[in-house]
Amino acid sequence: MGFQVGSFTIPYYGFFIMLGVAAAAVVGWILIHFFHKEYDDFITLAGCVALGGLIGAKILYLAVSWKKIDFSRITDTEYLSAWLSGGFVFYGGLIGGLAGVFLCWKIFHIQVMEYASVGIPCIPIVHAFGRMGCSAAGCCYGIPYTGAGAITYTESLIAPNGTPLFPVQMTEAVCNLIIAAVLIIYIYRNRNKVRNSLLLYLMLYAPVRFVLEHFRYDDKERGIILELSTSQWISILVFAGAFLYYIIRKRKKITKSL
Amino acid sequence: MAVASLVLGIISIVIGVFFGNFGLIGGVIGIVGIILGVQGKKDPAKKGMATAGFVCSIIGTVLCLIMYVACIACVGGIAALA
């Protein structure tokens with residue numbers, strides 16, 4: 001689903017993601033300059049993460065579905081392009097993104113954690129625009145609902161057409177923008193101290209995602225394990241991991257000060 | 001690095017305009033071009049070429065990925081069930 005520009009059809013999701021990247025680049029530029037850091041290094045780090053994420057997500061997708069690949073047709077450009085545009089696996093993107101951070105530190109000798117702790121609000125900003133793209137395209141849709149703000153799709157390829165649905169995508173977009181605002185305020189207020197902005201982001205987003213998953217209606221397309229969706233399990237693990245790490249760090253600090 | 005960035009930027013633009021189905025490859029090439037362009041700008045002698053490479057790579061990446069990027073969570077979920 002998209003809109004026409006001349007003879008080109010621009011997909012909503014790609015358009016909104018690019019808007020999000022542009023908005024995040026502006027916010028990142030302001031934050032990096034405020035903290036007197038190199039914007040070029042920030043772009044290098046962001047590029048490495050994007051590169052690692054893109055490759056990792058695709059490699060894991062191809063790895064889990066290699067049995068379905070007909071290698072005798074791999075030279076057929078249409079067949080190859082269908083596999084290349086076939087899908088992504090989130091965990092692969094996560095592992096690839098982390099590998100990108102490591103490579104950035106190793107190859108370019110950039111203090112990645114310093115930049116990440118300042119530039120972290122860029123992630124919820126891109127995510128918020130991505131969710132707006134979901135809302136426009138009709139994916140990741142909500143449960144049937146007739147209250148205020150309900151969305152009724154008429155020509156979506158993914159969401160059920162003609163049924164009023166809860167605007168879960170826009171709700172998540174607003175929550176992401178609020179998280180970005182909270183992170184910016186936190187970073188600004190702790191500008192002369194050690195910042196836990198990465199942990200704060202994880203501990204803010206995980207509960208939001210956990211709750212909003214209950215309002216999603218695309219369960220058939222995503223999978224449920226023990227009454228909870230995959231994303232809810234990830235949210236629990238992420239929140240527990242971040243909280244444990246925070247407690248351990250705090251205890252170490254107290255022990256050191258004694 | 002500056003020359004490599006410019007070459008990769010031009011390749012990603014060509015892929016984005018003429019071979020939209022291979023947007024992933026074009027996007028990867030474009031992002032590598034962006035990284036090389038940014039690093040190339042640190043050499044004052046090649047700053048101009050590196051900036052040109054950086055700009056071309058950004059345009060190429062946007063052209064490739066705007067058509068290609070889909071909701072990763074959804075597509076990943078559908079793929080897992082397929």
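**Close-up views of chains A and B**

**View 1. A:Asp40 at the meeting of the two chains.** Leaving aside residues up to four places away in sequence, A:Asp40 touches B:Val38 and B:Lys41 (contact means heavy atoms within 4.5 Å). This is a predicted model, in which local features need pLDDT of at least 70 and side-chain atom pairs count only at pLDDT 80 or more, while totals for chains, interfaces and linings use all residues; side-chain values use heavy atoms, with hydrogens and water left out. Residues are numbered from 1 along each chain as its sequence is written, and chains are lettered from A and ligands numbered from 1 in the order in which they are written. A:Asp40 sits in helix α2 of chain A (helices are DSSP runs of H or I with at least four residues, strands are runs of E with at least two, and both are numbered from the N terminus). With a relative accessibility of 19%, A:Asp40 counts as buried (buried is under 20% relative accessible area, exposed is over 50%, and partly exposed is in between, using a 1.4 Å probe and protein chains only).

**View 2. Helix α2 of chain A packs with helix α2 of chain B.** Here α2(A), residues 39–64, and α2(B), residues 23–40, have axes 9 Å apart and an angle of about 160 degrees (axes are lines fitted to C-alpha atoms, for helices over the stretch in contact, and angles run from 0 to 180 degrees between N-to-C directions). The two helices are therefore roughly antiparallel (angles over 145 degrees count as roughly antiparallel, under 35 as roughly parallel, 65 to 115 as roughly perpendicular and the rest as oblique). Their crossing is left-handed (the near helix is turned anticlockwise from the far one by less than a right angle; clockwise would be right-handed). Among the residues that meet are A:Ile43, A:Leu51 and A:Lys58 from α2(A), and B:Leu24, B:Ile31 and B:Gln39 from α2(B). The residues of this contact divide into 13 nonpolar, three polar and three charged (Ala, Val, Leu, Ile, Met, Phe, Trp, Tyr, Cys and Pro count as nonpolar, Asp, Glu, Lys and Arg as charged, and the others, Gly among them, as polar).

**View 3. Helices α1 and α3 cross within chain B.** The axes of α1(B), residues 2–18, and α3(B), residues 47–68, come within 7 Å and cross at roughly 25 degrees. These helices are therefore roughly parallel to each other, and α1(B) passes α3(B) in a left-handed crossing. Residues making the contact include B:Leu6, B:Gly9 and B:Ile13 of α1(B), and B:Gly53, B:Phe54 and B:Ser57 of α3(B). By type, this contact has 15 nonpolar, eight polar and no charged residues. Looking around the rest of chain B, you will find four helices and zero strands, and 51% of its 82 residues count as buried.

**View 4. A:Thr152 in strand β3 of chain A.** Strand β3 covers residues 151–152. A:Thr152 has 42% relative accessibility and counts as partly exposed. Although A:Thr152 and A:Pro164 are 12 residues apart in sequence, they are 4.4 Å apart in space, C-alpha to C-alpha. Not counting residues up to four places away in sequence, A:Thr152 touches A:Gly162, A:Thr163 and A:Pro164.
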